[in-house]
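This report describes a protein chain from its domains down to single residues. The sequence and the structure come first.

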Amino acid sequence: MPDRPMFDPGLWGLTPREAELAALCRRLGRERFAPRAARYDREARFPTENYRDLRAAGLLAICVPERYGGLGADYRAYMIAAAEIGRYCGATALTFNMHVCSCLWTGDLADDLDMTPEEREGHERRRRIHYRRIVEEGKIYAQPFSEGGPAAAGLRPFETTARRVDGGWILNGRKIFASLAGNADYYGVLCTEVRGDGTPSRRDTLYLAVAADAPGVRVEGEWDPLGMRATVSRDLHFTDVFVPEEEALMPPGVYHRAVLSWPHMFLTLTPTYLGLAQVAYDFTVAYLRGEAEGMPPVRRRMYPTKQLAVAQMHVMLEQAKALWFRAVSEARRDPPKEAVMRAWAAQYTVMETANELARLAIRTCGGQAMLEKFPLARIYRDSRCGSLMLPWTAEICLDRLGRAALYEEGETDD
Ligand SMILES: Cc1cc2nc3c(=O)[nH]c(=O)nc-3n(C[C@H](O)[C@H](O)[C@H](O)COP(=O)(O)OP(=O)(O)OC[C@H]3O[C@@H](n4cnc5c(N)ncnc54)[C@H](O)[C@@H]3O)c2cc1C
């Protein structure tokens, strides 16, 4: 029996395009990604075959505007479709998000930002190059911004620097947890342009596409993590890497404008984990009904404690989906404070609920369900990673929510 949509198009009011893209991702996820997920996880290997399927389905260009040959999904359409991938392979969904952000941020989102006519003209010219690579050549982009310090939390300028030279920049620095490291064709690197007196400023953040085979780019380090093992998020080192001018994914200064006026850009890590929340619940229902693949048809659904646990899981899943859908639907430029707070609440809820559902699923299904031959163990491990994702970790969301709830702009107790 095919899986039901996470968001029924009629009940949730999806557009025909949203429904169509979600159906495409669901079909691919179920038929192709789910059967491969355990092996990628066990071997901590990048899901190359899944990326071939994503390319064949046109999904590498899901957020490339239609006039550039892509599928033209806007923010909400992408988020709903991506959640369906998360149900079947968390690591594929998470790495796919890193790739897609290089198109979503430079496409739908950048179109919504203020730019001077010169900035707009330059952006249009450069993004054409980048979209062509994806649409025609199937190139894959990664999104390394983490450095192990406060920059990825948005508190300080990135320590990776770009120094202006004739025709481009010279890049130096290091990124940690670079998902797709060694497997992407380009790294969408966030770094600080060294200017004036050399005092770094977040306003001078650059977003540059760095070719994986450029001289001076190195992938290093072990990769043997608890979860999301197939993301292969190793370290990246840049030593005097020349980055040509046309590799600016956004005009200088525009990334910082995006951070300030389009905060929902950081909610794009959540669909993966909402998908994991859904599958933890779905698996539990199937298992208790005696319908889980690979298990003898033993039913466990008649025990009241299990019914109660499933009821609790159902409530938690509905809460997470409703809040998330609302927050995603509110994404826009310069959202009011209430909408930003809801986005933080949605991020926190999805990331924490996914792991809580996985925990309850294992307890409720019982001992055999945590064997690695079933997906629950992987879902449990993968879902634990969601709350750690900067810049909106679970802790940072709580910090911001607490402050925002108690202080209006300009208020202080100092
Ligand atoms: C599976 C996986 C895949 C990932 N993929 C990518 C990727 O593709 N690209 C990428 O850029 N990153 C990626 N990350 C990294 C992720 O987004 C975080 O940056 C990383 O988990 C932070 O690790 P850390 O040990 O530096 O965290 P922490 O030490 O928790 O945080 C780093 C810094 O943030 C600040 N900070 C943390 N908590 C708070 C707080 N409560 N209040 C104020 N400041 C705080 C502090 O300055 C701290 O030093 C991935 C992570 C995982 C687990």
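Helices and strands are taken here as DSSP runs, numbered from the N terminus. In that numbering, Val189 lies in strand S4, residues 186-193. The model is a predicted one.

**Domains**

The protein chain is divided into domain 1 (9-139), domain 2 (161-253) and domain 3 (262-406). The centres of domain 1 and domain 3, taken over C-alpha atoms, are separated by 22 Å. Between these two domains, 23 residues of domain 1 are in contact with 20 residues of domain 3. On the side of domain 1 that touches domain 3, H2, H4 and H5 each supply at least two residues. That side is made up of 15 nonpolar, three polar and five charged residues.

**Helix H2**

Helix H2 covers residues 16-43, 28 residues in total. From its first C-alpha to its last H2 reaches 38 Å, close to the 40 Å expected at 1.5 Å a residue. H2 has a kink of about 50° at Phe33, shortly before the proline Pro35. Phe33 is also one of the buried residues of H2, a list that includes Leu21, Cys25, Leu28, Arg32 and Tyr40. Just after H2, Ala44 takes a positive phi of about 45°.

**The nonpolar core**

The largest nonpolar core has 129 residues. Those with the most contacts inside this core are Tyr78, Leu208, Ala277, Ala280 and Leu376. Leaving out residues up to four places away in sequence, Leu376 touches Ala280, Phe283, Ala358, Ala361, Ile362, Cys365, Ala369 and Met370.

**Buried positions in strands and loops**

Val189 counts as buried because 28 other C-beta atoms lie within 10 Å, where 20 or more are required. Beyond four places in sequence, Val189 touches Pro144, Thr160, Leu171, Lys175, Leu208 and Val210. Val189 and Ser146 are 43 residues apart in sequence, and their C-alpha atoms are 9.6 Å apart in space.

Ser233 lies in the loop between strand S6 (217-220) and strand S7 (234-244). Is Ser233 buried or exposed? Ser233 is buried, with 26 other C-beta atoms within 10 Å. Its contacts, again not counting residues up to four places away in sequence, are Phe177, Ala178, Ser179, Ala181 and Trp223. Ser233 and Ala181 are 52 residues apart in sequence but 5.8 Å apart in space, C-alpha to C-alpha.

**Backbone features in loops**

Leu180 is found in the loop between strand S3 (168-178) and S4. Met228 is in the loop between S6 and S7. Both residues have a positive phi, near 75° for Leu180 and near 50° for Met228. Their values are set out below.

| Residue | Phi | C-beta atoms within 10 Å |
|---|---|---|
| Leu180 | near 75° | 28, buried |
| Met228 | near 50° | 27, buried |

A cis peptide bond joins Leu390 and Pro391, with omega about 5°. Pro391 lies in the loop between H11 and helix H12 (394-406).

Note on methods: Residues are numbered from 1 along each chain as its sequence is written. This is a predicted model: local features need pLDDT of at least 70, side-chain atom pairs count only at pLDDT 80 or more; totals for chains, interfaces and linings use all residues. Helices (H or I, at least four residues) and strands (E, at least two) are DSSP runs, numbered from the N terminus. The expected span of a helix is 1.5 Å times one less than its number of residues. The bend at a residue is the angle between axes fitted to the seven residues ending there and the seven starting there. A residue is buried if 20 or more other C-beta atoms lie within 10 Å of its own, exposed if 12 or fewer, and partly exposed in between; C-beta atoms are placed from the backbone. A nonpolar core is a set of buried Ala, Val, Leu, Ile, Met, Phe, Trp, Tyr and Cys residues joined through C-beta atoms within 7 Å. Two residues are in contact if their C-beta atoms, placed from the backbone, lie within 7 Å. Domain bounds come from an automatic or database domain assignment. Ala, Val, Leu, Ile, Met, Phe, Trp, Tyr, Cys and Pro count as nonpolar, Asp, Glu, Lys and Arg as charged, and the others, Gly among them, as polar.
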